[in-house]
Amino acid sequence: MKKLYVPFLNHLNAIDAIGTISSSLDKLQKESMEYAPWITDFPYKPLVEFSMGHSGDCIFLKYYNVEKFIRAAEGNNNGQVWKDSCVEFFVSFDENGYYNFEFNCIGTTLIGFRKTRENREHLPVEAIKKIRYQALIKNSDHQSIEWHLTLAIPLEVFIRHDLKTLHHKDCRANFYKCGDGLPQPHYLCWSDINSPKPDFHLPHFFGSLHFES
């Protein structure tokens, strides 16, 4: 099982400027979404990395993407962001369900909570608005586009749990990149998945996160 130790960034807090958070995450070790479980059917594999930290009361997450095409058609929160250039973070704090965070390249957000694949709900827009983000898109070269997305996710977003602190917290999670509506659809993940077809909603393949103190 993949394991990630999430560092405590004691110089940051949840209300710091998102640019300051972004710069701090740039200094951390980057994790690669190295697995493409369905590469036979979807051979395109963009370059995707992320870095992660926390302040005790807030998760800080930054995605680094380089791909041939980008798409940002969805502008409504809880819309079909997975059809755009999309990065995702799924996390489970116990056996009672998991949150799926999905973001397109301009920061449009979908958040769900699932007890099972069929038993699911979208979190209210009021919870989504608590997340702060910074999106940056630039030409990498003549054949690719680079985009970054920095996120600050406070604990109050996890409305189905009463989380007091992230210090010493253990949970299970996975990180994804997709783009169902792109000219070259693709499906990447941090912790590998064994499934005959693309499916990110398989928590038994989640890796492990430990939030340091």
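# Close-up views of a predicted model

**View 1. Ser144 is a buried residue of a strand.** Ser144 has a relative accessible area of 13%, so it counts as buried (buried is under 20% relative accessible area, exposed over 50%, partly exposed in between; 1.4 Å probe, protein chains only). The residue lies in strand β10, residues 144–154. Helices (H or I, at least four residues) and strands (E, at least two) are DSSP runs, numbered from the N terminus. Not counting residues up to four places away in sequence, Ser144 touches Val66, Glu67, Lys68 and Asn139; contact means heavy atoms within 4.5 Å.

This is a predicted model, in which local features need pLDDT of at least 70 and side-chain atom pairs count only at pLDDT 80 or more, while totals for chains, interfaces and linings use all residues. Residues are numbered from 1 along each chain as its sequence is written, and side-chain values use heavy atoms, with hydrogens and water left out.

**View 2. Met52 sits in the largest nonpolar core.** This core has 40 residues. A nonpolar core is a set of buried Ala, Val, Leu, Ile, Met, Phe, Trp, Tyr and Cys residues joined through side-chain atoms within 4.5 Å. Met52, Phe89, Phe101, Phe158, Phe175 and Leu209 have the most contacts inside the largest core. Leaving aside neighbours within four places in sequence, the contacts of Met52 include Leu4, Val6, Pro7, Leu28, Ile59 and Phe211. Apart from this core lies another, of 14 residues, among them Cys86, Tyr98, Phe200 and Phe206. In soluble globular proteins, nonpolar side chains tend to be buried together.

**View 3. Helix α1 has a buried face.** Helix α1 spans residues 18–26, and its residues Ile18, Ile21, Ser22, Ser24 and Leu25 are buried. Seen down the axis of α1, the buried residues fall within an arc of 165°, so they line one face of the helix. The arc is that of the directions from the helix axis to the C-beta atoms. An α-helix has 3.6 residues a turn, so residues three or four places apart point the same way.

View 4. Leu25 and Gly53 are 28 residues apart along the chain, yet their C-alpha atoms are separated by 7.1 Å. Leaving aside neighbours within four places in sequence, Leu25 is in contact with residues including Leu9, Met52, Gly53, Phe60, Tyr64 and Thr150.

**View 5. Strand β7 is largely enclosed by the rest of the structure.**

**View 6. β7 pairs with β6 and with β8.** Two strands pair if DSSP finds at least two bridges between them. Strand β6 (residues 97–104) runs antiparallel to β7, joined by 6 bridges. Tyr98 has Arg114 as its bridge partner in β7. The β6–β7 hairpin has 4 residues between its strands, and Gly107 in the turn has a positive phi of about 95°. On β8 (residues 120–122), 3 bridges pair the strand with β7 in the antiparallel sense. Here Gly112 stands opposite His122. The β7–β8 hairpin has 5 residues between its strands.

**View 7. The largest pocket has a volume of about 380 Å³.** On a 1 Å grid over the protein atoms alone, a pocket is an open set of points where a 1.4 Å probe fits, with protein on both sides within 12 Å along at least five of seven lines; lining residues have an atom within 4 Å of a point. Grid points are joined across faces, edges and corners, and the volume is the space filled by probe spheres set on the points. Of the 18 lining residues, Trp82, Glu102, Arg114, Arg117 and His201 are the closest to the centre. β6, β7 and β8 each supply at least two residues of the lining.

**View 8. Pro198 lies in the loop between β12 (187–189) and β13 (207–211).** Pro198 is partly exposed, at 32% relative accessible area. Pro198 and His186 are 12 residues apart in sequence and 9.2 Å apart in space, C-alpha to C-alpha. Leaving aside neighbours within four places in sequence, Pro198 is in contact with Trp38, Phe42 and Tyr187.

**View 9. Asn78 and His168 have positive phi.** Asn78 has a phi of about 65° although it is not a glycine. Asn78 is in the loop between β4 (58–67) and β5 (86–94), and is buried at 18% relative accessible area. His168 has a phi near 65°. His168 is in the loop between β10 and β11 (170–178), and is exposed at 55%.
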